[in-house]
Amino acid sequence: MADRKPRRQAKASQSDDVSEAQIAVHWQEQDYIAPPKSFIAQANLTDPRVFKRFALDKFPECFTEFADLLDWYKKWNRTFDASKPPFWRWFVGGKINASYNCVDRHLAKHRNKTAIHFVPEPEGEAIQHVTYQELFVRVNEFAALLRDFCGLKAGDRVTLHMPMVAELPITMLACARLGVVHSQVFSGFSGKACADRVSDSESPVLITMDAYYRAGKLLDHKEKADVAVAEAAKDGHKVDKVLVWQRYPGKTSSPTQLVEGRDFIVNDLLPKYRGKRVEPEQMPAEAPLFLMYTSGTTGKPKGCQHSIGGYLAYVTWTSKHIQDIHPEDVYWCLADIGWITGHSYIVYGPLALAASSVVFEGVPTHPDAGRPWRIAEELGVNIFHTSPTAIRALRRDGPDEPAKYNYRFKHMTTVGEPIEPAVWKWYHKVVGKSDAVIVDTWWQTENGGFLCSTVPGIHKMKPGSAGPGIPGIHPVIYDDEGKELKAGSGKAGNICIRNPWPGGFQTIWKDPTRFVRQYYSRYCKNPKSKKWQDWPYMAGDGAVQTADGYYRILGRIDDVINVAGHRLGTKEIESAALLVSDVVEAAVVPVADPIKGKVPDLYVALKPGLKASEEIAKRVSASVVSEIGAIARPRQVIIVPDMPKTRSGKIMRRVLAAISNRQDPGDVSTLANPEVVDKIRELYK
Ligand code: WTA
């Protein structure tokens, strides 16, 4: 049994580490809740012997069970190749196509079943139900356009900057059909942020949409494409074509002009490709399926490269057994497809299983916090998947709303941030009507799919705890010196995974050195070793394991801030602030927020002689929004006379974080300028 004592404070593992760990580690241990019998009776996975089947001594062959869920043109001849650690290769020699597996293979049985329910944000607008047959037709026609009009072929990269509409999975699957590598950029990111990804991936084509709805407003989205192309050009990268989907086919919804010879309206071009069919490209299992850029410890976001065979096998197995998706389920993941969760658990996993997957355009609390429950009732959603930030917002705005609607979830997921036990319990009791199982799934962009979670038909749930490693995943916690913490010790350390798994990313696009350095070098005892056992994967999160074998994730140990479940690099925000010429120094710290988990506070110091003003603070904030996007907007910009610094000149973010979080900054007497701390605290008031 788990003990119920409050945990002691986690040791900050790096000097600038801040409070995420400290907050989570104070949560009390919780009681277990058993999954309802009705859930177990229908669950895909209920046999605890699965953990024997996936024990470490069964590695790597156990993972053939994952790949066997897919249709292959040619079976692999080697399940796992470790000849170049840590660049693992899975299902070597196999030939496969992701679009075929998510679309074509379902036609025989599920042709007229809904693949995608597109729910527009305006409630007056009809929901669109795209059947597997219609998906097949639209994917083929768009693939023909990409091939014949844009000249795209297997291996080329294409950047997508698309909102949450049915055309987004259609575009992804059309790329996958051709073996073209897609790189979808979250629509809320700025044109400038999109440009970085366009030029890094060297995409000759950018695919966007003219407009989309967000919180009641039809936003002009095409304007961001113009910025992206112009900014990429400054980087020396030329975009040949911009393809623009229309939010309302046949109608222009953006005031931004088309650039002659560069911009093309997809809906005008499509009639030429009516009825066209494109044979799926038979791709090597290890060819890349997509890039997903994410924030890391240094300046620029990095492109995580995911494979076709290993990735698809991983998301399909986990969708079936952790999400418990059956073909007859209506599944709704409220994430954005611009993040990894949406790729794996809106598009690829559910569609590979012939589920009906909901794509919702808007904000869950708009026009009111009853909206998600109306959608659930209308569509008969029975599996629901969202983030703690969304749950907190729905709880704040409509604590009693779910009871008013006639829906029933058998299964619910939380992902992306630690969830407070009180919020978990509301989710369970009110949203789940005390009848749904909950899985708290811990994983990352880099991982392709879930790493830690309870298996819903086997394990008891424990609020605030992700659970053990899923079958085939063997986590371990190391301390800062590289010593393994005893299983179930209850001590905080750095969570790693002992073994490779098929969903793990293959490399960082164009930066294999960083791939090795950031994820493997810290705990690899022998860089010459060819044994996978010597290469644990370091996630960059702090965690504790309790005696029951469950892991509780405490948050990042590096310079990444998790805002509303979205990863932002402190360095990215700081570089945006430094673009304002008046600013000489910038430091970002995460501040606890009751809804978003964390929000950034931005401290800046100005050039000598300049006076602090509201106007400068506004320009700094605007620079962050235009460089990255509104999600990175600082809660406050605080102009300080000087940064608190160590004697060696390093900015002490820990002190700033304490001030922002109204905590005691502790002993500051060793700073080079301790007197500044009180001045900043004064300013902060
Ligand atoms: C955090 C999202 C606590 C963690 C799928 C990780 C979580 C980062 C959980 C990855 C969870 C994700 N409990 N923390 N269940 N899931 N995280 O790449 O810090 O956007 O490193 O992937 O989110 O964020 P990413």
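**Close-up views of a predicted model**

View 1. Pro367 is found in the loop that lies between strand β17 and helix α14 (371–379), in a model that is predicted. The peptide bond leading from His366 to Pro367 is cis, and its omega is near -5°. A cis peptide bond also runs from Pro85 to Pro86, where omega is near -5°, and Pro86 has its place in the loop between β1 (78–81) and β2 (89–92).

**View 2. Strand β17 and the burial of its residues.** Strand β17 covers residues 356–360 and is mostly covered, with 5 of its 5 residues buried. Ser356, Val358 and Phe360 point one way from the strand, whereas Ser357 and Val359 point the other way, and all of these residues are buried. In a regular strand, side chains alternate between the two faces of the sheet.

View 3. Strand β4 (residues 114–119) runs parallel to β17 and is joined to it by 4 bridges, with His117 standing opposite Val358 of β17. Strand β16 (residues 330–333) also runs parallel to β17, to which 3 bridges join it; here Val330 stands opposite Ser356 of β17, and Tyr331 stands opposite Ser357 of β17.

**View 4. An open sheet of 8 strands and the pairing of β6 with β7.** This sheet is open, its strands follow the order β12-β11-β8-β6-β7-β14-β15-β23, and the pairing is mixed. Strands β12 (263–265) and β23 (507–508) stand at the edges with a single partner strand each, so one side of each is left without a neighbour in the sheet. Strand β6 (residues 157–161) and strand β7 (residues 181–184) run parallel and are joined by 4 bridges, and the bridge partner of Val158 in β7 is His182.

**View 5. Helices α9 and α13 against strands of the sheet that contains β6 and β7.** Helix α9 packs on the sheet, where it touches β6, β8 (205–209) and β14 (288–294), and the direction of the helix makes about 170° with that of β6. Helix α13 (residues 340–352) lies across β7, β14 and β15 (302–307), and it runs at about 145° to β14.

**View 6. The crossing of helices α9 and α10.** The axes of α9 (residues 191–201) and α10 (residues 222–234) come within 7 Å of each other and cross at roughly 50°. The two helices, α9 and α10, are therefore oblique to each other, and α9 passes α10 in a right-handed crossing. On the α9 side the contact is made by Gly191, Lys192, Cys194, Ala195, Val198 and Ser199, and on the α10 side by Lys224, Val227, Ala228, Glu231 and Ala232. The residues of this contact divide into 6 nonpolar, 2 polar and 3 charged.

View 7. Ala215 lies in the loop between β9 (211–214) and β10 (217–220), and its phi is near 50°, a positive value in a residue other than glycine. With a relative accessibility of 43%, Ala215 counts as partly exposed, because that category lies between the limits of 20% and 50%. Asp324 likewise is not a glycine, although its phi is positive at about 55°. The place of Asp324 is in the loop between α12 (309–321) and β16, and with a relative accessible area of 1% this residue is buried.

Definitions and conventions. Residues are numbered from 1 along each chain as its sequence is written. This is a predicted model: local features need pLDDT of at least 70, side-chain atom pairs count only at pLDDT 80 or more; totals for chains, interfaces and linings use all residues. Side-chain values use heavy atoms; hydrogens and water are left out. Axes are lines fitted to C-alpha atoms, for helices over the stretch in contact, and angles run from 0 to 180 degrees between N-to-C directions. Angles under 35 degrees count as roughly parallel, over 145 as roughly antiparallel, 65 to 115 as roughly perpendicular and the rest as oblique. A crossing is left-handed if the near helix is turned anticlockwise from the far one by less than a right angle, and right-handed if clockwise. Contact means heavy atoms within 4.5 Å. Ala, Val, Leu, Ile, Met, Phe, Trp, Tyr, Cys and Pro count as nonpolar, Asp, Glu, Lys and Arg as charged, and the others, Gly among them, as polar. Buried means under 20% relative accessible area, exposed over 50%, partly exposed in between (1.4 Å probe, protein chains only). Two strands pair if DSSP finds at least two bridges between them.
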